[in-house]
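Trainee: I am new to this structure. Please pick one part and take me through it closely.

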Amino acid sequence: MPFNTDLTNELNLLSQFNLANEQDGIKVHHEASSEMIAAAEKLHTKGLITQKDGGYLTDLGRKAAEHTQALGLILK
């Protein structure tokens with residue numbers, strides 16, 4: 001499966017979560033790019049984050065973020 005722009009935006013958003021502290025969520029403000037707002041909404045729809053504008057990672061979202069961040073380190 002190729003990584004299209006939408007998927008890349010979702011991966012970029014997952015990479016912004018602080019995995020060292022589960023109490024650190026993120027907020028995608030209305031001033032953010034339309035692509036990041038859409039990525040947050042998609043991650044919420046997929047059950048990976050708690051709010052459509054960010055929030056916290058769900059259990060599944062944490063696994064996805066861990067894999068995303070690990071892949072980023074491998075590819076650097």
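Mentor: In α2, M36, A39, A40 and L43 are buried, meaning under 20% relative accessible area, where over 50% is exposed and anything in between partly exposed (1.4 Å probe, protein chains only). They cover an arc of only 100° around the axis, which puts them on the same side of α2. That arc is taken from the directions from the helix axis to the C-beta atoms. The face turned away from the buried side carries the exposed residues S34 and T45.

This is a predicted model: local features need pLDDT of at least 70, side-chain atom pairs count only at pLDDT 80 or more, and totals for chains, interfaces and linings use all residues. Residues are numbered from 1 along each chain as its sequence is written, and side-chain values use heavy atoms, with hydrogens and water left out.

Now the helix itself. α2 spans residues 34–45, 12 residues in total. From first C-alpha to last it reaches 16 Å, close to the 16 Å expected at 1.5 Å a residue; the expected span is 1.5 Å times one less than the number of residues. Helices (H or I, at least four residues) and strands (E, at least two) are DSSP runs, numbered from the N terminus. After α2 comes G47, with a positive phi near 80°.

What covers the buried residues? The cover includes α1 (5–14), β2 (49–51) and β3 (54–57), with contact meaning heavy atoms within 4.5 Å.

Two of these are strands of an open sheet. Its three strands have the order β1-β3-β2, with antiparallel pairing; strands pair if DSSP finds at least two bridges between them. β1 (26–27) and β2 stand at the edges with a single partner strand each, so one side of each lacks a neighbour in the sheet. Two bridges join β2 to β3. Q51 has G54 in β3 as its bridge partner.
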